[in-house]
Amino acid sequence: MYTDMKLSLFDSFADMIGTIPVGAILRTLEREQRMIEEDLAYQRPVSLKEAESILNFCYYVEAVREGLPGWAFTLPLPPEHLTFYRKTLDRLITAQELPPGARAEFDSFIPGVGLKQLQAAA
């Protein structure tokens, strides 16, 4: 039996990033960022909350790669997104694609997230 289960923008993004080789993550984040920015510019129907969450993560990774101060997030990240982003940062740090302090810096920029949420997502 076929069921039409449409994944959310974030679920599709997380599934893609979570399954590709770590060496392809940075290029994929760049492409995803461009596609979402284009969707928003052309007013295509996307979840603004999910698009902003993904873009904030992409901007953060881009800033860290360029040695710039981390990105200040424009909205609190949903806890389920936070957990995924931290796992992705861990993969990139382990593969030496990002500096070792990238995850700690990420945690320091998350507004509205208490210490208990950060510890639970660890």
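1. At what angle do helix 1 (residues 9–19) and helix 3 pack, and how far apart are their axes? The angle is about 35°, and the axes of the two helices lie 8 Å apart; here axes are lines fitted to C-alpha atoms, for helices over the stretch in contact, and angles run from 0 to 180 degrees between N-to-C directions. On the helix 1 side, Leu9, Phe10 and Phe13 meet Glu50, Ala51, Ile54 and Phe57 of helix 3, where contact means heavy atoms within 4.5 Å. By class, the residues of this contact of helix 1 with helix 3 divide into six nonpolar, no polar and one charged; Ala, Val, Leu, Ile, Met, Phe, Trp, Tyr, Cys and Pro count as nonpolar, Asp, Glu, Lys and Arg as charged, and the others, Gly among them, as polar.

2. A word on the basis of these values. This is a predicted model, in which local features need pLDDT of at least 70 and side-chain atom pairs count only at pLDDT 80 or more, while totals for chains, interfaces and linings use all residues. Residues are numbered from 1 along each chain as its sequence is written, and side-chain values use heavy atoms, with hydrogens and water left out.

3. As to the overall fold, the protein chain has six helices and zero strands, and along the sequence it follows the pattern α-α-α-α-α-α; helices (H or I, at least four residues) and strands (E, at least two) are DSSP runs, numbered from the N terminus. Of the 122 residues of the chain, 39% count as buried, a term that means under 20% relative accessible area, with exposed meaning over 50% and partly exposed in between (1.4 Å probe, protein chains only). Among contacts in the chain with a separation of 6 or more, 61% are accounted for by residues 24 or more positions apart. The chain exposes about 7,300 Å², of which carbon and sulfur atoms supply 56%; accessible areas come from the Shrake-Rupley method with a 1.4 Å probe, and for residues only the protein chains shown count as cover.

4. Helix 1 also packs against helix 2, at an angle of about 160° and with the axes 11 Å apart. The two helices are therefore roughly antiparallel to each other, since angles under 35 degrees count as roughly parallel, over 145 as roughly antiparallel, 65 to 115 as roughly perpendicular and the rest as oblique. Helix 1 passes helix 2 in a right-handed crossing; a crossing is left-handed if the near helix is turned anticlockwise from the far one by less than a right angle, and right-handed if clockwise. The residues that meet are Leu9, Phe13, Met16 and Ile17 in helix 1 and Ile25, Thr28, Leu29, Glu32 and Ile36 in helix 2, and by class this contact has seven nonpolar, one polar and one charged residues.

5. Helix 2 (residues 25–41) in turn packs against helix 3 (residues 48–65) at an angle of about 135°, with the axes 9 Å apart, which makes helix 2 oblique to helix 3. The crossing of helix 2 and helix 3 is left-handed. From helix 2, the contact residues are Leu26, Leu29, Glu30, Glu32, Gln33, Ile36, Glu37 and Leu40, which meet Leu48, Ala51, Ile54, Leu55, Phe57, Cys58, Tyr59, Val61, Glu62 and Arg65 in helix 3. The class count for this contact is 12 nonpolar, one polar and five charged residues.

6. Thr88 lies in helix 4 and is buried, with a relative accessible area of 1%. Leaving aside residues up to four places away in sequence, Thr88 touches Ile17, Ile25 and Phe57. The C-alpha atoms of Thr88 and Arg103, which are 15 residues apart along the chain, are separated by 9.5 Å.

7. Glu97 sits in the loop between helix 4 (79–94) and helix 5 (102–108) and is partly exposed, at a relative accessible area of 32%. Apart from residues up to four places away in sequence, Glu97 touches Gly23, Leu26 and Leu92. Glu97 and Ile25 are 72 residues apart in sequence, yet their C-alpha atoms are 9.3 Å apart in space.

8. Gln43, in the loop between helix 2 and helix 3, has a phi near 55°, a positive value in a residue other than glycine, and counts as exposed at 73% relative accessibility. Gln96, in the loop between helix 4 and helix 5, has a phi near 60°, also positive in a residue other than glycine, and counts as exposed at 72% relative accessibility.
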